[in-house]
Amino acid sequence: MNDTPAIIERVSRMNEHYQRLHLTCDDSLNELKPGQTVLARVAARWDPYLREHWWPVAVSPNKLVIERPASFRYEPGQAVSLLGIVGQPFRYRRTLRNVLLIAADAAPTPLILSIAWLLTNRISVTLVLSGRGTQYPAQHLPKEVEIIQADEQLSWPNRVMTVGWADQVFVTTAADDELARFGQIWTLFRELRAEIPKGYLFGVFQPSLPCGVGACQACMIPLRGGEACLACVDGPAIDLTTVPLG
Amino acid sequence: MSIEITRPGKSSLMVDSPVMPAAGIVGFGDRYKDLIKLEKLGALVTNPVTYQPWQPAAGTRIVPLDAGVLVHTGLPNPGLSKVIAKHRALWEALPIPVIVHIAATAPDHVRKCASRIDAEPAIEAMELGLPDDLTWQDAENFVRGAVNNTEKPVLVRLPLYAPLEVALAAADAGAGALVIAAPPRGTARDPLTGRLVSGRIYGPLVKPLALRLVGQFAARLETPIIGAGGIHSQQDARDYLEAGARAVQVDAVTWVQPKMLEYIARDLGGLVITRRAGALGDEWHPGMGETERKAREAAARTQAEASTPPAEENP
């Protein structure tokens with residue numbers, strides 16, 4: 001974990017909903033992997049107070065590309081302070097062949113960095129977009145990714161086949177009430193599969209992170225058996241079989 | 001050089017720096033090791049702990065505010081015994097005293113926590129966080145229950161709007177120091193869910209509220225006071241000391257700018273207790289140089305010349 005400065009070199013608008021920030025930073029963030037994030041402080045003043053939770057969508061030596069909602073304003077040349085690396089990389093199975101990524105009524109931004117890594121390792125990727133996720137400009141994604149537009153009930157043609165075919169599933173959802181929303185996802189998968197094994201269905205949690213190091217405990221997620229984990233330290237991807245979702 | 005931040009006695013607490021994190025800010029000492037040099041701090045104040053395990057709060061826990069944040073974690077912790085077992089080795093290796101913050105839930109639990117802390121060599125002191133809206137009799141019961149069950153110093157954190165009689169009751173019951181104050185409680189609407197959420201408020205605006213209380217209580221109480229609330233800069237910390245606090249606790253700025261806690265500790269470390277009445281500014285602020293001393297000398301010369309009667313001229 002480092003507190004490192006960075007500069008926004010370029011701001012590119014993807015569509016009316018999303019923009020990308022091209023950053024130059026020091027090499028402490030070169031090891032950033034899919035699932036890991038940074039906390040950014042963009043101004044010296046106290047409003048906004050907390051750091052913004054930034055999800056990289058591309059990483060190269062001393063370069064980061066961040067995806068943000070277009071409603072936030074950034075300027076080329078702007079200096080920012082980055083606290084990171086936050087969280088653990090996504091944990092993939094060794095015998096992985098097909099991965100299903102689902103953005104349920106949310107931007108797929110937390111899942112995007114994993115796509116390039118999966119394709120490089122000859123793993124096929126299907127991305128399901130539903131609700132607000134359909135606003136995402138999918139033309140920016142590699143052509144090898146199968147993109148499915150689902151309806152707001154997360155229904156799409158051949159859904160049983162898509163789910164049965166996937167070796168692992170990573171789901172991101174709106175941050176308003178994540179446990180309730182992941183509970184709905186869990187219920188859906190219980191209907192679509194006879195069994196949900198451990199390490200199969202992961203929820204990518206995006207709670208507000210005041211500290212990012214596990215000190216404030218605001219991102220604590222209760223687990224089965226009275227245990228708990230921290231989204232900023234143990235997450236963001238948590239195996240939903242371990243979470244009491246009702 | 002050490003500073004005594006609790007009442008003098010065989011169990012008083014000595015620290016090397018008057019700066020420490022507030023409860024609930026840096027965890028139990030293992031979270032910020034890459035970002036903050038803990039040895040530069042006066043002490044480590046842990047996250048709040050209860051006698052029995054507590055689960056995290058359900059629903060929204062963070063609501064962003066204008067220049068601040070509302071936090072409602074539910075004080076999740078696995079209970080005092082598990083916390084001690086998990087962190088004992090770390091605390092023993094730390095070069096600074098460890099103060100365990102106990103959330104005062106029930107008088108019986110506070111007594112048991114105090115006994116447990118008394119038997120734990122890795123812990124130097126206990127900080128008792130009093131609940132809001134308590135009477136002075138409640139405060140006295142809680143503090144006496146803690147003090148009677150441990151020989152270690154008991155710091156008592158007061159709610160922000162605690163009246164003077166609560167502070168007097170805590171002091172009379174044997175509090176080693178009073179921490180003024182806990183972050184105030186508030187309610188705000190979560191922009192994501194639209195629900196109203198209650199919790200503790202952190203931000204720069206808390207400082208004037210707590211600073212006023214520190215000034216008032218410092219003038220009336222002999223018990224040492226530790227100022228806490230809204231400290232976001234070195235000057236904020238100095239303001240607390242000037243108002244009468246013997247030490248300060250830094251809170252949420254640590255989440256946003258982790259290095260600030262260390263900067264404040266470095267700035268104030270070891271210098272505060274050398275300050276006497278009339279001490280020069282450069283004894284107070286490191287790096288201030290000789291400017292102020294020269295200005296004072298020049299002013300004194302001018303004043304002396306003005307007050308000296310002119311010499312009589314001989315005819």
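In strand β10 of chain A, Thr172(A) is the bridge partner of Ala103(A). This is a predicted model.

**Strand β7 of chain A and its partners**
- Strand β7(A) spans residues 98-104 and is mostly covered. Six of its seven residues are buried.
- β7(A) runs parallel to β10(A), residues 168-173. Six bridges join the two strands.
- β7(A) also pairs with β8(A), residues 124-130, again in the parallel sense. Seven bridges link this pair.
- Ala103(A) has a bridge partner in β8(A) too: Leu129(A).
- Between β7(A) and β8(A), the chain passes through helix α1(A), residues 109-120. This β-α-β crossover is right-handed.

**Chain B as a whole**
- Chain B holds 10 helices and 14 strands.
- Of the 315 residues in chain B, 48% are buried.
- Take the contacts in chain B between residues at least 6 apart in sequence: 66% of them join residues at least 24 apart.

**Where the chains meet**
- Chain B gives 30 residues to the contact, and chain A gives 24 residues.
- On the chain B side, the elements giving two or more residues are β5 (62-65), β6 (68-71), α7 (253-256) and α8 (258-268).
- What is the make-up of the side of chain B that touches chain A, in nonpolar, polar and charged residues? It has 17 nonpolar, eight polar and five charged residues.

Conventions
Residues numbered from 1 in each chain as written. Chains lettered and ligands numbered in written order. Predicted model: local features only at pLDDT ≥ 70, side-chain atom pairs only at ≥ 80, totals over all residues. Contact = placed C-beta atoms within 7 Å. Helix = DSSP H or I, 4+ residues; strand = E, 2+ residues; numbered from the N terminus. Nonpolar A, V, L, I, M, F, W, Y, C, P; charged D, E, K, R; others polar. Buried ≥ 20, exposed ≤ 12 C-beta atoms within 10 Å, placed from the backbone. Pairing = 2+ DSSP bridges. Right-handed = clockwise from strand over helix to strand, strands pointing away.
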